[in-house]
Amino acid sequence: MGKVLIKNISQLVTYDSKIKDMRVFDHVELLIESDTVIEIGRALFCEDCLVVDAGHRLVTPGFVDPHTHPVFYSTREDEFEMRVLGISYMEIARRGGGILNSAKKLQMADYNDLKERVKKRLLNFLRFGVTTVEAKSGYGLDTDAEIKSLRMLKELNSELDIEIKPTFLGAHEYPLEFRNNHAGYIGKILKEMLPVVAKEGLAEYCDVFCEEGVFSLDESRTILQAAKELGLGLRIHAGEFKSIGGAKLAAELGARSADHLVYVTDDEIEAMRKRGVVAVLLPATTFFLGSDRYAPAKKMMEMGVEVALSTDFNPGSSFTQSMQFVITLACIKMGMGILEALQAATYNSAKSLGIEDRLGSIEKGKQADFIIWKIDNYQSIPYYLADNSVWKVFKNGKLVCENSF
Ligand code: NIG
Ligand code: FE
């Protein structure tokens, strides 16, 4: 592929590593060669270039969504109705709904049928401007179904334009038959699942749902420690409903990220800062669960922790694929500035996946993953509430998705 010149950009907004902050360029052009950003500037000269007219619109990096659960068979709107009627998420889970409900359906699903459904969801992420997505297993909850989920993600990563960063989440919930035999299920994870995941290179990260009534702190430590010894990076679901020390464990083990963090202590925030653990915040989950208690984003930022944003897309607690909506919530419910939220949804989320040298910003030498928007300024991203303002999506310098106006 040759050179591409994106002309007529009203605003180009990106994280800039030189100033370690967000930067707003007005009326610039963007030059790309094959899959790489070559230059941002005015009146750029380019011979034999393919010219793309941005139509006086906004350009930003593609979103990096660092926490999603797209490998499920069917949606759970019946549980949503129960929640609307006042039954809590944890109560629904105790009654056999929730993650166990999804696991039963995934285990029975035909491979190709499931794959078609997951594929549709991943393509939908592109429509919302997500060019890289972290995707977890975790609705298998037995060796075959967990491995099947991860192999599927590997196949889809090579078949689709969106880039998938796979995470093994066998420790998402205890299967019914192991409710009173936690050691038995952990043994399966350690002896059956993790060795295959590591040997076949099926996941880059291992995650655990560390929460009261799910995986305890010690159980989470055992699993994450074993994953670390096999060379996997670590992430953790911590403090979604209570603080039981998961964020501190993330710091202790050197995890890349601790996610949710609605309930997090000052000590934990300080431990995360010292160890450079990125806080991945999921305000759409708080919203979708009907809670008013959001993660203390500003406090974490003030204490020196880097904050990333994610959809937490899943059929139970957050059925959205819109990072735009997440940015709106981050601004309104967590008090983040628009540029702070944009950085959290691009550069910082790339950092939470260890890929910020290549992705998450539009800078010379970086991969050309970017969005041309229907809007012409970055303030409009959260302002156009619950809309999809994404126009054209480029991955590796190539147009991979175009929404109609
Ligand atoms: O991140 N908390 C655990 N996992 C998901 C919910 C999964 C589900 O309900 O299916 C979350 O919120
Ligand atoms: Fe999650």
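Predicted model: local features only at pLDDT ≥ 70, side-chain atom pairs only at ≥ 80, totals over all residues.
How far is an oxygen atom of ligand 1 from an N or O atom in the side chain of Tyr89?

1. The distance is 2.4 Å, between an oxygen atom of ligand 1 and an N or O atom in the side chain of Tyr89.

2. Tyr139 has a polar side-chain atom 2.6 Å from an oxygen atom of ligand 1. For Asp312, an N or O atom of the side chain is 2.9 Å from an oxygen atom of the ligand. Ligand 1 has 330 Å² of accessible area on its own, and the protein covers 100% of this area.

3. The surroundings of ligand 1 comprise 15 residues. Tyr89, Tyr139, His172, Glu240 and Ser317 are the closest of these. By class, the shell contains 8 polar, 4 nonpolar and 3 charged residues.

4. The overall division of the protein is as follows. Domain 1 is made up of two segments, 3-62 and 360-402, whereas domain 2 runs through residues 63-352. The centres of domain 1 and domain 2, taken over C-alpha atoms, are separated by 29 Å.

5. The contact between the domains can be stated from each side. Domain 1 contributes 31 residues, and these are in contact with 22 residues of domain 2.

Key. Residues numbered from 1 in each chain as written. Chains lettered and ligands numbered in written order. Heavy atoms only, no water. Near = heavy atom within 4 Å. Polar contact = N/O pair within 3.5 Å; in protein donor to acceptor, adjacent residues only side chain to side chain. Areas by Shrake-Rupley, 256 points an atom, 1.4 Å probe, with all protein chains shown as cover. Nonpolar A, V, L, I, M, F, W, Y, C, P; charged D, E, K, R; others polar. Domains from an automatic or database assignment. Contact = heavy atoms within 4.5 Å.
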